Amino acid sequence: MQFIYPSFLFALAAVAIPIVIHLFKFRKYKKEYFSNVALLRQIQVEYKKQSKLKERLILSARILTIVCLVLAFAQPYWSSNTGKKTISSQRYVSIYLDNSYSMEASSGNGILLDMGKEQVKRILQSLEPNSKVQLLTNDFKGEEQRFLSTKEIMDLLPDIEVSPKPRTFAQIRQRQNSLCEQVSLASENRLYYYISDFQKATFDLPQKNGLFEKDKDSAIYSIFVPLDAVDYANLSIDSLFLGSPVLQVNRPMELKIKIKNTGGKDRKKISVKLFLDQKQISVTSVDILAKESKEVSMPLLLTKSGNYQGYVEIVDYPMLYDNRLYFSFSVGTSVSILHIYDDTPCLSIPKLFQGDSAFDYKCISLNQLNYALIPSAQWIILDAVKSTSSALEEALLHFVQRGGSLTLLPPLPESNVDLPLPYARLTNRLIGGTYARFVSRLEEVHSINIQHPIFNLALEKYASISILPKTKGYYPLPVVSKVSSESLMSFANALSNSAKMDFMRIYYVDRGLLYCLSTPLDLDYSDFVSQYSFVISFLNMAFYTGGSKALYASTGTEDGIYLPGFTDGTFWEKDMEKLEIRAVDGDFACIPEIRNIGSEIGLFTHGQIRHAGNYYLVDGEKKKKAVLSFNDERVESLPDCYTEKELKRWMSSLENQNFYLVNPAKVDLQKAVERMTMGVELWKFLLIFALVFILMEIILISWSKGRFTLQKPQK
């Protein structure tokens, strides 16, 4: 048993007062003379023992009354944690207030975030005035990483707004421990509060002691304060993507939109609107079943080159943040193609690209190649090049790794088997494999991978191609495990999962792409150049380039945003200190960190973008260099939260951990914390005992007076 105010125990000296009165009996007796005292002697003998017992009981009642009153003022409590400090001894407190988007939901008595702020006030009122408090939110701001007074925390509460960044329990706990370790605060002196709706998608509770160090964290007191929202069904736009990565002017395509219904009821005729460049261009309706995800396709036709920005929108309540998804992309004025040949080029290739404004086509002999052209190209074709220098291999290696596309067309076979295999050193460095020796055998292409973007927009089924390519021989393509790859065209007698029998294969190298053909394009060896599949594949290779920019990034992201459109490698060097990201709507602007990563530009915002929307990247003269879009993460679109029973079950599964749960909907948080901090309060019981002893004293005195009253003898 311990006392909150032990100094009151000195008042126990007052117990001496009734004892002194009992011993000295400050009563003056008056003498009365009787003629016959025989009857009085008989009474005195008969009740002498009872009189002493009565006096001692009255004395005991008075002493116990004083003792109980003094102890009640000292406020004793019984702590169940024998040998440990109680929560009441804590002077450093960390309070986590969840301000994620899910806290915008209603509880029936108000918004959860407002209720959370009120609970913070209740906690502060229960603390001692000299307590030091950390108020932590999902923002993880620098100013939150310090202890403040209770008054300073009160002043900060009105300024807390919803944050787009969800945090896991592990991140929150680590942040709290980090501050306490900075001030060398022992574990037993730490008190952590967690005020949240405890959404399952973000507040990931660890199993057993996976998060906690037994010897270090077992002394930390942690109190969960759950806030319950009204049960609601949420409809959200989860993601979107283009139906094809091949972007071309006046080429019909589709925008794929994924919509989720997390509620338990079917939703009918949900309106989905598509806006492009601030104009509504399409609308459709969708029926979505309970707990279903559905993909919606909307037509999209790009009539000009340049930058595009837009968003997709639905209407749903009460969760609003996930009803709109922004996107942006760019369609280049022309695709830069560099065709490098050895002796003579394949004439079918220039016929496809020369004279077309959609392509910036250059056909150059290997002997006349200027290596400065390589970084500015988007697609490079090596046409029957027999030997490559180390400098060329190094330049092509960096070109592919940084997002370029490279196509290898093998040379005509040589009779001398001692000659090196085509592109052996280059392919070995890129993908960890090489071509095999030429196989002279008649083969026919049997299958085309129409699921790949190279073919899927032009070919719906194999029957659309009347005649497939034939060849008189081929170089078996590399079989590798270093990078992922995919078959594009296979021979008729190809074995399943065998890359050796592929006519054409694509390899994914870092951000770039490597296409390998197994057969020379010479008509003496293959009729591929006279087939429709040649036109389709080579045109789409030009548009389908690696390292393409994502349609949007996440708000608050720390990751880089890569822009492959800046391929000249010059503009950023002189303007990097002047570049800034500006919101299309509003006055927001921030300066990103700019990094040159090969043929790409990397933008690092370091979490400065906090609001979803469309943005521009502008230079010092406010000219637009790129378009960007940011959206809030959809992890909080799932409304499932831990129940009170689930939280208690989790706490009970932990060993030697001081975890408690206080539901403010059932009990007053301030009073609950006070009771929790003091263990079992005893002062109320002591007051009751004091009243009982006073009542006993009154009964004893009243009973004794009535018992010893002399009555006249009856005649």
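This report walks through a predicted model of one protein chain, from its overall make-up down to single residues.

## The chain as a whole

The chain is built with 14 helices and 32 strands. It has 715 residues, and 47% of them count as buried. The accessible surface comes to about 37000 Å², and carbon and sulfur atoms account for 53% of that area.

A pair of aromatic rings can be described by how far apart the centres are and by the angle between the planes. Searching the whole structure turns up 33 aromatic pairs. Tyrosine 311 and tyrosine 326 make a tilted pair, with 5.6 Å from centre to centre and 55 degrees between the planes. Because tyrosine 311 belongs to strand S12 (residues 306–313) and tyrosine 326 to strand S13 (residues 324–331), this pair ties together parts that are 15 residues apart in sequence. Are these two tyrosines buried or exposed? Both tyrosine 311 and tyrosine 326 are buried.

Elsewhere, ring pairs link a number of residues into a cluster, among them Phe353, Tyr361, Trp379, Tyr474 and Phe538.

## Charges over rings

Arginine 324 lies over the face of tyrosine 311, 4.1 Å from the ring centre. A second example involves phenylalanine 140: the charged end of arginine 167 sits over its ring, at 4.0 Å from the centre.

## An enclosed space

Rolling a probe the size of a water molecule over the atoms shows where empty space remains. In this model the count is one cavity of 30 Å³ or more. The volume of the largest cavity is about 30 Å³. Which residues line the largest cavity? The lining includes Tyr96, Asp98, Asn138, Pro166 and Phe203.

Serine 236 is placed in strand S7 (residues 235–242). Its relative accessibility is 1%, so serine 236 counts as buried, the cut-off being under 20%. Leaving out neighbours within four places in sequence, serine 236 is in contact with Lys258, Ile259, Lys260, Ile314, Asp322 and Ser637.

Glutamate 144 sits in the loop between strand S4 (132–136) and helix H4 (150–156). With a relative accessible area of 9%, glutamate 144 is buried too. Not counting residues up to four places away in sequence, glutamate 144 touches Gln134, Leu135, Leu136, Thr137 and Asp139. How far apart are glutamate 144 and arginine 175 in space? Their C-alpha atoms are 9.8 Å apart, while 31 residues separate them in sequence.

## Two residues with positive phi

Alanine 384 is not a glycine, yet it has a positive phi of about 55 degrees. You can find alanine 384 in the loop between strand S16 (379–383) and helix H8 (390–401). Its relative accessible area is 23%, so alanine 384 is partly exposed.

Lysine 622 is a residue other than glycine with a positive phi, near 65 degrees. The loop between strand S29 (613–618) and strand S30 (624–631) holds lysine 622. At 49% relative accessibility, lysine 622 counts as partly exposed, because exposed means over 50%.

Methods: Residues are numbered from 1 along each chain as its sequence is written. This is a predicted model: local features need pLDDT of at least 70, side-chain atom pairs count only at pLDDT 80 or more; totals for chains, interfaces and linings use all residues. Side-chain values use heavy atoms; hydrogens and water are left out. Rings of Phe, Tyr and Trp (its six-membered ring) pair if their centres lie within 6.5 Å; planes under 30 degrees apart count as stacked, over 60 as edge-to-face and the rest as tilted. Helices (H or I, at least four residues) and strands (E, at least two) are DSSP runs, numbered from the N terminus. Buried means under 20% relative accessible area, exposed over 50%, partly exposed in between (1.4 Å probe, protein chains only). A charge sits over a ring if NZ of Lys or CZ of Arg is within 6 Å of the ring centre and within 35 degrees of the ring normal. Accessible areas come from the Shrake-Rupley method with a 1.4 Å probe; for residues, only the protein chains shown count as cover. On a 1 Å grid over the protein atoms alone, a cavity is a set of points where a 1.4 Å probe fits but cannot get out, and a pocket is an open set with protein on both sides within 12 Å along at least five of seven lines; lining residues have an atom within 4 Å of a point. Grid points are joined across faces, edges and corners, and a volume is the space filled by probe spheres set on the points. Contact means heavy atoms within 4.5 Å.
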